[in-house]
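Hi,

Here is the structure I promised to pass on. Have a look at it first, and my notes follow below.

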Amino acid sequence: MLDDPLYLGLRQNRTRGEEYMAFVDEFVAAVQSLYSKCCIQWEDFANINAVPILARYRDKICTYNDDIQGTAGIALAGMFAGLRITGQKITDQRFLFLGGGSAGTGIAELISQAMALEGMDIREARGRNALFDINGLLVTSRTDLADFQRPFAQDRAPVSTFVEAVKALRPTGIIGVSTVPKLFNREVIEAMAEINERPIIFPYSNPTSRSECTAEEAYRWSGGRAVFASGSPFPPVEVAGHKFVPGQGNNVYIFPAMGMAVFATEATRVTEEMFIVAAKAVAEQVTNEDLSVGLIYPPQSQILDASLHVAERVASYIFDQGLARVPRPDDIGSLIRARAYRPVYAE
């Protein structure tokens, strides 16, 4: 783009390294000075910056990264609801991720934290979440791993193809965050269906053109047994006379609600546990009727009510943990609703 005569940006290479972090530090200091109650949300930062920035500030100021933590929260919500279909516990699961960037590791870490809250050792929990990238399975012998990937490296021989990784690790679920379409091919889905009675298939990449598989492919190749959710919208599918309604795992269930809870309580921090609370709050709104057609997220037509419910649950946690800067009200739900913006003119 630097050679494009129509390029409107600065004609210089991107700043990286110490100079880059110095600028970010200056920005954060300025925001804290001017708006001491502000929550800083990091949007669309590249992997090489997103993870270090979040690690640098998460225990110092009120901040989070929706691409990492919100994505993880909505994935975890789908798992909590999906486990009501499979009849299993979170600690029974083994997940294999297609994609080893900040989104994949963020989901893997939040799942691990959720497993740890159920009594599992955190190292064992992380060992149940494996990642696969362009160079194969993330294993301890690889020399190209970033620091944020190392906790999930498997102590086993290298595996070069995704279907081989499925057969070797025997995961209960596969999660796609690769942005590369069609990598959950028929061989992969059939391998998952052979290993699991109800295989969890989550192709979360979007838009639709980048989804690892379609809803129809997942349902047909699994014989209608897949527990499915995707990052992109797909129409209903009918397999062997049974209608399935694919759920869309979109951050819209988490991001506005988290922001509202932080705003209403003037929270001092955003913690990982808040995203687990949010995930459970999303999942508990999925009805048995929804589950009967394979839908594992609340209908998006009810998104406002769903968001207010999640915000109330997260706000309650913020008060419980002593992270709020406002007095605890008798009715937290009323506090949330009173803070909600409604785009209507007064009479």
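Predicted model: local features only at pLDDT ≥ 70, side-chain atom pairs only at ≥ 80, totals over all residues.

Let me start with Glu19, which sits in helix H1 (helices are DSSP runs of H or I of at least four residues, strands runs of E of at least two, numbered from the N terminus). With a relative accessibility of 59%, Glu19 counts as exposed (over 50% relative accessible area; buried is under 20% and partly exposed in between, with a 1.4 Å probe and protein chains only).

Numbering runs from 1 along each chain as its sequence is written, and side-chain values use heavy atoms, without hydrogens and water.

Now the strands. Strand S3 (residues 95–98) is covered on both faces, with Phe95 and Phe97 buried on one side and Leu96 and Leu98 buried on the other. S3 runs parallel to strand S4 (residues 129–133), joined by 4 bridges (strands pair if DSSP finds at least two bridges between them). S3 also pairs with strand S6 (residues 173–176), again parallel and over 4 bridges. Leu96 takes part in both pairings: its bridge partner is Ala130 in S4 and Ile174 in S6.

Cheers
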